[in-house]
Amino acid sequence: MSDTQDRIISWHPSPSRPAYTPPPGAVDAHCHVFGPMADFPFSAKAKYLPGDAGPDMLFALRDRLGFSRNVIVQASCHGTDNSATLNAIARSEGKARGVAVVDPAISDAELERLHEGGIRGVRFNFLKRLVDDAPKDRFLEVAQRIKGLGWHVVIYFEADILEELRPFLDAIPTLIVVDHMGRPNVAPGPEGPDMLALRGLLDSREDIWTKVTCPDRLDPNGPPWNDFARAVRPLVEDYPDRVLWGTDWPHPNMQDAIPDDGALVDIIPRIAPTVDLQRRLLVDNPMRLYWPD
Ligand SMILES: O=C(O)/C=C(\CC(=O)C(=O)O)C(=O)O
């Protein structure tokens, strides 16, 4: 990554206050921090060079949107150096936990250190535009090792490789969380092929969860993301104990159609229409996974 490359500002400059009020204790279960670069340089292998979006900005957004906690997912631009994520967790006063990206050769002592720092899962990223390789055999070794820590696997892939990934997913010995539902085409609605394939995966094991996130990435028609709401609501209704929600702030790599985070929050009652579903999505489920203690 060259120093002269422009740094991408991928977040909304002044998100609106949502009309919807999340329940007390709500968790933004998918967000990231970028740097700050002076303290936490980006990976030499990063595929994008973002502006600084550090913990102070994240926590200010959390408060503005009416959330109580964050789950910070290590973004690909920081590679396998989780320092920026750990720094944000350390500064959160117990209100953040995280998901790391690790080198498969990581030592047990380093895994323990990550656990002490608030990490509760590892992310396996299969998006070719974000990572150079995704070694399934080595990922399975990692999954085996983190099982003892009580962690889970977060997996990011696009819908067209779900079928090919099935044997690998079947072999993962921990709970699995699928990022952004495996990026389905939401336009054909809840019975569209990608949504049905995702249901097939969820039905194959009770310990596969998914994040009902990123209307901004998944709905080609943009706000108010009607296709997303129509396709996703039945999923939340049918798998109420296995769904998580998050802003995806600072929306890595987004350059067109950067979403207003307040508007993102306002989609919650459209995909989780009852108070009970909202509490499970925003409080009970993420607390079970990230703050079981
Ligand atoms: O923020 C996300 O979850 C999605 C991303 C970025 C990402 O995953 C990463 O950089 O690690 C994407 O689709 O570019």
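This is a predicted model: local features need pLDDT of at least 70, side-chain atom pairs count only at pLDDT 80 or more; totals for chains, interfaces and linings use all residues.
I started at proline 250, which I found in the loop between β8 (243-244) and α9 (261-265). Helices here are DSSP runs of H or I with at least four residues, strands are E runs of at least two, and both are numbered from the N terminus. The peptide bond from tryptophan 249 to proline 250 is cis, with omega near 0 degrees.

Residues are numbered from 1 along each chain as its sequence is written, and side-chain values use heavy atoms, with hydrogens and water left out.

Next I checked proline 224, in the loop between α7 (215-218) and α8 (226-238). A cis bond joins proline 223 to proline 224, with omega about 0 degrees.

Then glutamate 93, which sits in the loop between α2 (83-90) and β3 (96-100). Glutamate 93 isn't a glycine, yet its phi is positive, about 55 degrees.

On to the ligand. Which residues come nearest to it? I noted His32, Tyr48, Ser76, Tyr156 and Asp248, out of 15 residues around the ligand (near means a heavy atom within 4 Å). That shell splits into five nonpolar, five polar and five charged residues; Ala, Val, Leu, Ile, Met, Phe, Trp, Tyr, Cys and Pro count as nonpolar, Asp, Glu, Lys and Arg as charged, and the others, Gly among them, as polar.

I looked up polar contacts too (pairs of N or O atoms within 3.5 Å). For ligand oxygen atoms, I got 2.7 Å to a side-chain N or O of histidine 32, 2.5 Å to a polar side-chain atom of tyrosine 48 and 2.8 Å to one of arginine 123. Taken alone, the ligand exposes 350 Å², and the protein buries 100% of that (Shrake-Rupley areas, 1.4 Å probe).

Last, the record: UniProt, in an unreviewed entry, puts "domain: Amidohydrolase-related" at residues 27-290, an annotation that may be inferred rather than shown by experiment. Over residues 27-290 the chain is 39% helix and 14% strand, with the end C-alpha atoms 10 Å apart.

Notes:
A polar contact is a pair of N or O atoms within 3.5 Å; within protein, one must be able to donate a hydrogen and the other to accept it, and residues adjacent in sequence count only if both atoms are side-chain atoms.
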